[in-house]
Amino acid sequence: MKRRRPGARRLRALTWLFPGSVREAHGRDIRQVWQAQHDAASSTADRARFWSEALTDVLRTAPRQHLDELRRDLRYAFRGLRLSPGFAITAVLTIALGVGATSGVFMLLDAVLLRPLPYRNPSRVGLVWAVGPGGEHTWLSAPELDDLGARSTTLEGIAGLSDLRMILTGAGDPRELQAAGVSAMLFPLLGVEAQAGRLFGPADDREGSGLAVVLSDRFWRTQFGGRSAVIGTGLTLNDRTYTIAGVLPASFTILPPSSVFPAHVDVWVPLQTHLASRGRDVRMLHAVARLRPNATFREAAAELSSVGLQVSRDFSSSYPNGAVRFDIVSMRDDVLKGVRPALAGIACVVALVLGIACANVASLLLARAESRRREMAIRASLGASRARLARQLLTEGGLLAAIGGALGLGLAGAAMTITSLPVLSHLPRIDQVGYGWRVVQFTALVSLGTAVLFALAPALELSRHAEDRRTGVLQQGARGPRAARVGRLLATIEVALAAAGVVVALTMALGVARALTRSPGFEPSQVLTMRLSTMPGVRPPAEFPTFFDRVIEEVRALPGVTSASAVTQLPMSGAMLGSSFRADDRPDAAPVDADLRGITTDYFQTMGIALIAGRAFDAGDDERGRRVAIVDEGLARRLSLDGQAVGRRIRWIRQPDVPIEIVGVVRAVRHRGLDQEPVETVYRPHAQYPRGSMYLTVRVAGEPTAWSGSVAAAVHRVDPSQLVADVAPLSALERRSIAQPGLGALVGGLLGTLALVMTAVGVYGLFAFAVAQRRREMAIRLAVGATPGGIVRLIARDGARIVGLGLAIGLPVAFVAAQLLGSLMPAVAATGQGPFLYGAGLVIVVAAIACGVPARRASRIEPNAVLRAE
Amino acid sequence: MPAKDANRELPLTPATLHVLLSLADSEKHGYAIIQEVAARTGGEVQLGAGTLYALVKRLLEGGLIDESGDRPDPSMDDERRRYYRLTAFGRDVAIAEVKRLEDVVRQARAVRLFGRGMRRRTS
């Protein structure tokens, strides 16, 4: 036996830096040269020089050889794809659709949700909430905000935010701006700096200091053309002069912490000087906090809970319902919370679509590998190693993935035109959707992942070709049992994935469709709405009711107007005024939470809200009359078991010494949106609950927007200076309320359809190929007396087995997914077995067609012709 | 098969020309080529094994050299080695390159690139 020479092992290792082809052809020669040089080196210094030179030499030459190899492989792969354009186009399109769907969804989600917020160390920023009796998050009052700031040790700082409407005058026509009142420390807390001028400092928070305003980048550009000269000049808001302190950077966004906070704010003003109330029970502030460096959200939440107990003890008279509890949630979690279910659903379906695309391409490659067995066997017998052939196949897969991925990226970009749809305009950061490094990286990663997934099957097949070489099999015969097994397995996986995807998509779509067909509790068509806000100082609150009465009278006189009224919050606008009421005859029971709305007399008639018991408000229910209220059926049930609420008395928690008599009960309204349950509501006559800002609701005999001009003119006949804003048909609000779940269902539905189509293509491809491979077998069967029907049955049986097994795997997966979705999305919860039946039915029909066409073809084989050809 | 045009392979890199020259008189294995080139250039050109076999691969593919088989080298421990030889085409290419270089040298002389000092020393 030969003794190993010194250094041989290391020299062998060094040759591994060369590509396989070089190693195969010249590896031994290279080692021999090295060995000779190594042996010739007599001293340690010589040997060191040899090693350094050899290494330098390899590092200089090997990369180029790898590159040459890759270029050759790519050229070969390109040629291969050009020679079978049908295969190439199908594979590339399949990958493009799968990757495109994934990238598109990622692009959308990344911009809106996933991309870190443009704050300093955003993962340590959280939202602080008070916790309502039902465990729901609600806002904070100003004193509570101060308490938390003073007593917490885990928070570096806490800042309050409140949304405001401000009227801009002195710059063209008066118009209403979206404003936000914020604690001076909000911007330093988030780590945001002004792009021009300055942001707020502690002095701005003090009463008596000059009024300062900070502009958003958008408002600065549209109103002032982005001129920095406006810094330090005045801006008249709500009849007071503010000094423009500075401008926020364009990238700054505050993700709306709840549905009532606007996605876009024009101007920012100091909170303290704009607080509507300092009452401990007036909870209307959002709060943003930053954790101290070593604190966790869990620790902070525990601490805030105990602060709640202390505060409740110290101010027990302000907390009649028991102790208040505070909670903190990381901003990211809070933002994701509302959309997570839809997100999860879409992510599921996208993953399934991508999985099907992979299975499809794998199936295609497998079929191709089958038809290339001869080529591979010849190449193998000519000396190409298994690694060499695997590398070739992988290059082909990589090339397909690269082309498909690039095309998919293009498709995804094209699909992003949906971001300009008006229903999406209220989504935060929607204008930032587009190509970016993250999207490109993600797409590259997904493409690479799919390449690995779909190239796996052919790579496995390769080991068989290597056997072919050993056993000298060169003839092209029927599809081997092993390849057929892999093919069937892939088709089964596809059917399973498609079944799961279709059922999940159907569950979402049916859930939303059901929500759409549910009655909102009012009649939204043919109603025009607009907001009338009273500028501060224009008229005293006592005159609000008379003003609105006069406006309504004027509007009602218009031709085509059948009814007119006003309300403090429109249904489905997202605006709520949570309050509490106590029943007089049950003084010991806990107060009942309800939404409080002020209305004028004809509101129920205008909105088409049915009166169930008692009466509607009339002119007698004015500020001198008895205090009255109308409740909805839900609250009536909660106040008394028999639902007989009329005649009972309740008390508003804010005015506990004033008894209010319930005079009527109306149908419940889905105030929060069609996909949500109704909220218990108390309606008060506006004369007894005067508000300066109300929505006019006008029922007309036709398309509501046609009356916009004449209604606004009627308003201006009462007061020419009155602002009219947010003119919109009520049906638009209804549509907007289901925009988000609707979008989820739409995207889910599209993806589900895509999954189904791709599966159809995959199953068809499998059977078409199998039938083509088994022509000889079929011909023999037919020749020895099998009927065409028997052939169809033979193939159908095969198909049925695949579909049956696929459904047996896919439906339980879908069941688990649907359960998960249902627990997160109330609208989806009760869709029952419908989606499963329809989904399974759809998959069976599609698979039957996909397998039926090749089966029919097989049954028409001319045995004589086929066997002669053989 | 039409004869390949040797001029299309030009110009050669110095290393390539040296390898072709080393095979001009006899066939050699890789290590012998390296040694021959080093000896003929007085150690000026030291080919690394990686560089040599990258060249050999390209020359084989281009048909400038071919393998003349595997056999032991008695001077090298009798281990089997792969020998290479110059093809007729390879010879044509080497000749064409040398002619090209001669031409370059002639032109350099014509424009008196070497100057007087150079001429004095050579005369």
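**Entry 1: a term to start with.** By an axis I mean a line fitted to C-alpha atoms, for a helix over the stretch in contact, and the angle between two axes runs from 0 to 180 degrees between N-to-C directions. I also note that the model is a predicted one.

**Entry 2: α3 and α11 of chain A.** I looked up helix α3 (residues 44–83) of chain A and helix α11 (residues 386–415) of chain A, which pack at an angle of about 70° with their axes 9 Å apart. Angles from 65 to 115 degrees count as roughly perpendicular, and α3(A) and α11(A) are therefore roughly perpendicular to each other. Their crossing is right-handed. I then listed who touches whom: α3(A) brings residues including H66(A), E69(A), L70(A) and D73(A), while α11(A) brings residues including R388(A), R391(A), Q392(A) and T395(A). Sorted by class, this contact of α3(A) with α11(A) holds nine nonpolar, three polar and five charged residues.

**Entry 3: α1 and α2 of chain B.** Next I turned to helix α1 (residues 14–22) of chain B and helix α2 (residues 30–40) of chain B, whose axes come within 9 Å and cross at roughly 105°. So α1(B) and α2(B) are also roughly perpendicular to each other. On the α1(B) side I found H18(B), V19(B), L21(B) and S22(B), and on the α2(B) side I33(B), E36(B), V37(B) and R40(B). I counted the contact of α1(B) with α2(B) as four nonpolar, two polar and two charged residues.

**Entry 4: α2 and α3 of chain B.** How do α2(B) and α3(B) cross? Their axes cross at roughly 110° and come within 11 Å. That makes α2(B) roughly perpendicular to α3(B). Here G30(B), I33(B) and I34(B) of α2(B) meet A49(B), L52(B) and Y53(B) of α3(B). The contact of α2(B) with α3(B) has five nonpolar residues, one polar residue and no charged ones. I noticed I33(B) in my lists for α1(B) with α2(B) and for α2(B) with α3(B).

**Entry 5: a pocket.** I looked up the second largest pocket, which has a volume of about 600 Å³. Its lining has 22 residues, and R64(A), D68(A), A54(B), L55(B) and R58(B) lie nearest its centre. Which helices supply at least two residues each of this lining? They are α3 of chain A and α3 (49–62) of chain B. By class, the lining divides into six nonpolar, six polar and 10 charged residues.

**Entry 6: two backbone details.** Most residues other than glycine have a negative phi, and most peptide bonds are trans. With that in mind, I marked the cis peptide bond that joins L10(B) and P11(B), where omega is about -10°. P11(B) sits in the segment before α1 of chain B. I also marked D239(A), a residue other than glycine with a positive phi near 70°. D239(A) lies in the loop between β7 (234–237) and β8 (240–247) of chain A.

Conventions
Residues are numbered from 1 along each chain as its sequence is written. Chains are lettered from A and ligands numbered from 1 in the order in which they are written. This is a predicted model: local features need pLDDT of at least 70, side-chain atom pairs count only at pLDDT 80 or more; totals for chains, interfaces and linings use all residues. Side-chain values use heavy atoms; hydrogens and water are left out. Helices (H or I, at least four residues) and strands (E, at least two) are DSSP runs, numbered from the N terminus. Angles under 35 degrees count as roughly parallel, over 145 as roughly antiparallel, 65 to 115 as roughly perpendicular and the rest as oblique. A crossing is left-handed if the near helix is turned anticlockwise from the far one by less than a right angle, and right-handed if clockwise. Contact means heavy atoms within 4.5 Å. Ala, Val, Leu, Ile, Met, Phe, Trp, Tyr, Cys and Pro count as nonpolar, Asp, Glu, Lys and Arg as charged, and the others, Gly among them, as polar. On a 1 Å grid over the protein atoms alone, a cavity is a set of points where a 1.4 Å probe fits but cannot get out, and a pocket is an open set with protein on both sides within 12 Å along at least five of seven lines; lining residues have an atom within 4 Å of a point. Grid points are joined across faces, edges and corners, and a volume is the space filled by probe spheres set on the points.
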